Amino acid sequence: MLVNYVKENGNDPNRFTFIVGHGYDIGEGDVMLGMLKEAFAKEWPGFDQDVEIGQIGATIGVHTGPYPIGFGVVEKWNADRN
């Protein structure tokens with residue numbers, strides 16, 4: 001889904017900053033991070049961006065339970081595009 005999102009929004013992963021969020025299980029977050037890097041390397045061979053990994057806090061966890069997993073995506077500011 002993340003690869004499709006990037007394709008639909010400019011087809012350039014370098015336009016975005018990514019983070020993998022996990023609940024209690026950091027191992028699950030590491031697996032998700034590996035999947036992201038593998039999928040991006042296959043689609044965009046030159047992709048070489050550091051992707052952070054962080055724990056999802058209690059505010060989200062109260063609604064999802066203790067084992068949420070997901071991605072955060074923020075488009076980088078570019079004054080030329082606005």
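In strand E3, Val74 is the bridge partner of Thr17. Here, helices (H or I, at least four residues) and strands (E, at least two) are DSSP runs, numbered from the N terminus. This is a predicted model, in which local features need pLDDT of at least 70 and side-chain atom pairs count only at pLDDT 80 or more, while totals for chains, interfaces and linings use all residues. Residues are numbered from 1 along each chain as its sequence is written, and side-chain values use heavy atoms, with hydrogens and water left out.

Let's step back to the sheet. Its 3 strands are ordered E2-E1-E3, forming an open sheet with mixed pairing; two strands pair if DSSP finds at least two bridges between them. Strand E2 (52–55) and strand E3 (69–75) are the edge strands, each pairing on one side only. Strand E1 (residues 16–22) and E3 run antiparallel, joined by 7 bridges. Helix H2 (residues 26–43) lies across E1, E2 and E3, where contact means heavy atoms within 4.5 Å.

| Residue | Relative accessible area |
|---|---|
| Tyr5 | 38% |
| Gly72 | 24% |

Leaving aside residues up to four places away in sequence, Gly72 touches Thr17, Phe18 and Ile19. The C-alpha atoms of Gly72 and Ile53 are 9.7 Å apart, with the two residues 19 residues apart along the chain.

Notes. Buried means under 20% relative accessible area, exposed over 50%, partly exposed in between (1.4 Å probe, protein chains only). Axes are lines fitted to C-alpha atoms, for helices over the stretch in contact, and angles run from 0 to 180 degrees between N-to-C directions.
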